[in-house]
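Please look at the sequence and the structure before reading on.

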Amino acid sequence: MLRKSFTTLFIALFFMVTFSASASDEVNVYSYRQPFLVEPLFTQFTEQTGIKVNVVFAKKGMAERLAREGKYSPADILLTTDISRLIELRDKDLVQAVNSSVLRSSIPKQYQAQDNTWFALTTRVRNIYSAKRLGKIDLNYEYLADEKYKGRICTRSGKHPYNVALVASMISEHGEAYTLDWLKKVKNNLARKPQGSDRGQVQAIHQKLCDISLGNSYYFGKMLKDEKQKIWADEVYINFPNQNNRGAHINISGIAMAKYAPNVENAQALMEFLVSKPAQALYAQTNMEYPVREDVAVSKLVASWGGYKADDLPLEDIAKNRTTALKLIDQAQFDL
Amino acid sequence: MIALYNSRSWKLSSYIIALVLIVPVLVMLVGGVSASTQLYAHLWQTVLPSYLENTLLLAFWVVLLALFFGVFSAAIITQTNIVFKQQLRWLLLLPLAMPAYLVAYLYTDLFDYAGPVQRALRAWFGWQSPTDYWFFDIRTLPGAALMLALVLFPYIYMLTRGAFEQQDQNLIRASRLLGLTAKQSFFKVALPLARPAIAVSASLVLMETLADFATVQYFSVNTLTTAIYDTWLGYGDLGAANALASILMLLVLFVVLAEQRSRAGLRHQSARPNLTRELIQLSFGQQFIASVFCWALVILGFLLPITLLIIMAVQYSDVAQLSVLLSTGINSLKVSVFAATIAVIIALSLGLYQRLHNDKFRQIPQLISGFGYAVPGTVLAMAMLSTLGPLDHWLNGVVEFIGFTAPGLILSGSLFAVVFALVVRFSAIANGTIASGIKQIPRSLDYAPASLGVNLIGSLTKVHLPILTPAILVAWLLVFVEAMKELPAVLLLRPFNFETLSSQIYQLISDEMLEQGALGAILIVLFGLLPIVLLNNSKEKV
Amino acid sequence: MTALLTTQSPIKPIALLTIEQLSITLQEKVVLSTLDLSLDEGDILGLVGASGCGKTTLLNAIAGFSKPTKGKVIIDGHLLSSNGLSGGEYSVPAEQRQVGMIFQDYALFPHLTVKENIAFGLGKLGRAEQLEQIGHLLTLLKLNEYRDSYIHQLSGGQQQRVAIARALAPKPKLLLLDEPFSNIDARLRNELMVEIRQLLKQFKMTAIFVTHNKDEVFTFADKMAVMAQGKLLQLDAPNIVCQQPNSYQVADFLQLGSWLPCQVNSANVHSLLGDFDIANSGDKQTGLAYLLVKPSKLQLNSLVDKQNIANAQVEYISVTEQGYHYYLSSLDGLAKDKSLAFSKLSLYSDIALSFKQKVAVSIKPHDFLFFNKNN
């Protein structure tokens, strides 16, 4: 009977091993970014280096998965769409420093960690979209609390990382009490319960459900390029808020190397590739994002929106206030 | 009742299987118990009460609507002379093949402000803006409840119809002779007698509702599932998330137990399902109303959504999509086939153990192996990582200690985790189907082979398994389809470069771009139709 | 047809149930064909026949569950079903017929208690009346201590009582019983039948009772009807049916005796058990006919000698309480005419015979009953 059990165990193990594929010249990516956004980049990388890129994509739970997996995790690289995630990964000791002069020199100081644990790849603005029918208006984030916008604002869930980061920056600027009050007032001004995506809000403006919405910059460019969504985008102006004071809220998409990365060299090669000029140009052209490299131009379309003043709040501060921001959003019952 | 067999290895393996299936649930419970209470206070003061209220309201409305749809359609089909009865009889099952999140998306598209319906209305009446008229908002709690009920009611319809059809016709006759009309007899006899079937199916619907994640999220209806997500992924507090998930699971278990308690002792089977039943003759008006009711369910739950999907597919499909579809389709198939096969083997083994072994607690393994069904997919995925992660570490440690290179995360980082999660989640379905199949085998057949000098293996392979073939087929297909549709567990546990049809469609939906995945969605629905067609053709009453 | 005289004569005006020319065809199979039947108030009719002869369909037609293809059903002067005879189709729904039924498996409602089962048909009565009626029936059927039990908690006999109480509660004009005793333990059966018969008589209930056991008819019924292939063969008092079966089928189905083939001439009869005179017998048939030989009419002459020439031999022996039971067959050598050979003549006797023993038997003179197999 003992022998039988062993046979069973071996068969079971064999069964499991066949499930997990493994090859040597590869790099494994846990991504919060949509596959179709990064796949062209990965394809180029593989063409140049012969290193295969494996991706798991999920909007949620990647960091938690990494934490569970611990030192046997196959992940080499983590791609995020939000600064708070990156900082969280570092705070939980899930990433390692990458000592690369290429990375250090290519990326502006404020967009990389002092300790080399994370690096931004692109930056994006949290814009305020407004209906063209309102004419050109001057908008600050603070103004969204104004009573004159009652029933005229649309947004996605308050707990979406993009909005949480914005709220965190508000906390840094004005403190908790002001921010909570602001959240409650904005909530009061909402035309409908927070729902959908940033694009969906522009659609809602097009449908005249509301006049003003929050949205990331690159969505505007993408909608203008989409046959169906162009009609929506044509209805709105993209506004860079707070230009006469601290500047528009900035977030980044970034990258970090997993603490137990099995393919350190390949991982570093991929990171360096992603900040290289051609890759950054690709980001700019296809994704309508602001490349983190100052020597790579934004796309023509993005350039046409004009320059803007960015909030120079250190990104680490935004991450620091993340949990407080979440709690305030709950307290304001923003999503209910 | 004397059980026949006393094999120790069978006993051991049965308990091990059951234990393996219950471990993730236990891990979750233990994790929940040890959670810190700080976050609760915050959640309780801010959002949790309204999440809880939403959860209960959603469950209430879905069950109520599904009961209304399911019981009435079953009654109309079995008790009246409605026209096109033979067609409606199986058409009413079709919505089961539609994932709720798909229907939700399609109807939002249809009834949104920019959708064709409101556009047409505006053009017709000359309205300019949303303030000019009132139109129902589908992205609300009642909307979500309606969507879920539209695709879940066939559970109730299927089981209730079966109950009506298998009722002893003499009971109705007795009632008629005691002076009650056909209609009165239905309400006083047939309906009360179908109560166990209705209760079982309603609890199925309830569990599916509580486990739903994609539909409520798409409609931004915040439920307990939202709270679990927030606590885990937002606040990064797995312990608190486990605790919330445990509450949700206990809620479900409570319902299941209450339901079982309520029908204990109310077992009645028909000796003589009669085909020449007395039908309620509908008047012209009634005939019209009944037909509209049934056809509306078929159209809204299946025909309209599939038509919308086909239109999308025709407009947006291209060759590039086909190749993606092929690979994701194969992935879906692979996972579902593994899950269905394993779940059925486990169900057979535990079901026959319960029937044939003389262990005093022989029903225990089967009972506890079904608990996973009460755990929503997200929670299960979480529990799976908490369970398999440490196990992987231990395994790697052992292998390294022996002196080999560590194999990596062979459990939590591979398809194994996905398949395991699906098996844990859907074992209850296979268990239920196979257990009822086993129940229909007369006791004497357990004893006959032994009396003819045939041993246990012979008895199983020559008697029980052949008799159970239809039940095995049904169980396999039900798990297969559920696995094809299952979303959260797959989303969170996938290995590298692994997309399934459902995960791909979900992502497209969350970017409001289902058009690109219409073909895949149709494929899911078509696979979902398989068991329905087979069930309908087989003589087996399910 | 001659034996149907009693039912065909329209002299009695107070027939409670009248069935005229009832035919029912189900899926192109004739189940009942032009059946006539009438039953007086207070009579209990025992309906016997082989399975598939149409007994149950007849009950269903009376109860309103089967629609006649042709014919009429009238109860207490009210037309309940008619089709074809004079005018079109007409049918009163089952619930308005005031016909009660007791099913073979009782069809008691498992979701209701004994009390609720009995109350089921009393919806139209006031609360007080209901309670009184239920209490009365519970007492009458000795069910008082089970009033709040569910059906599955009762024994077969108790369930039977509940079924009867339930059926009697709304005071139907006619009670139909479909093999009501077949599920009852043989030892209890007779006692229960007697009790229920008394009860029905007490209620002056008219009833039709279907069975395939003629002994039940003797215990339970006032009249006996024999059906075969959708037709009513004979209806009369049970003893008359047994003494004077009107056809070969009736006698054969009721197993009234064994059959002895005979050659009938105008005045005498030739058989392998000897010739006998039928000059003073009423019915005259000629040609090959079968004599109904009741065991009591068979004389065994165990000593075979010159006077008692062996004419049969023992083929089968069994022991009964009354003595031995033998099957006799004719001796091969004796039969010049093969059509007169017999093989299964029943004989009861105290005398022990051995297998294949040759014996001499003879028929005691009595009112001989000859039948033609085909009529």
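## Cysteines and a chain interface

A:Cys154 and A:Cys210 form a disulfide, with their sulfur atoms 2.1 Å apart; a disulfide is a pair of cysteine sulfur atoms within 2.5 Å. The link of A:Cys154 and A:Cys210 is left-handed, with -110 degrees about the S-S bond. It joins distant parts of the chain, 56 residues apart: A:Cys154 lies in strand E6 (residues 153–154) of chain A, and A:Cys210 in the loop between helix H8 (198–206) and strand E7 (212–216) of chain A. Helices (H or I, at least four residues) and strands (E, at least two) are DSSP runs, numbered from the N terminus. By the distance rule, the count is one disulfide over all chains.

The model is predicted: local features need pLDDT of at least 70, side-chain atom pairs count only at pLDDT 80 or more, and totals for chains, interfaces and linings use all residues. Residues are numbered from 1 along each chain as its sequence is written, chains are lettered from A and ligands numbered from 1 in the order in which they are written, and side-chain values use heavy atoms, with hydrogens and water left out.

Are A:Cys154 and A:Cys210 buried or exposed? Both are buried, where buried means under 20% relative accessible area, exposed over 50%, and partly exposed in between (1.4 Å probe, protein chains only). The table lists two further cysteines.

| Residue | Relative accessible area |
|---|---|
| B:Cys294 | 0%, buried |
| C:Cys242 | 12%, buried |

The sulfur of C:Cys242 is too far from the closest cysteine sulfur for a bond, because that sulfur, in C:Cys53, is 17 Å away.

## Chain B and chain C

In the interface, 22 residues of chain B are in contact (heavy atoms within 4.5 Å) with 23 residues of chain C. The area buried between the two chains is about 2,000 Å², and carbon and sulfur atoms give 64% of it. Buried area is the accessible area (1.4 Å probe) that two parts lose on being put together, summed over both.

One salt bridge is counted between chain B and chain C. The side chains of B:Arg176 and C:Glu95 meet in a salt bridge (2.6 Å, N to O), a term for a side-chain nitrogen of Lys or Arg within 4 Å of a carboxyl oxygen of Asp or Glu. On the side of chain B that touches chain C, helix H8 (169–177) and helix H9 (182–193) of chain B each supply at least two residues. The largest share of that side, seven residues, comes from H8(B).
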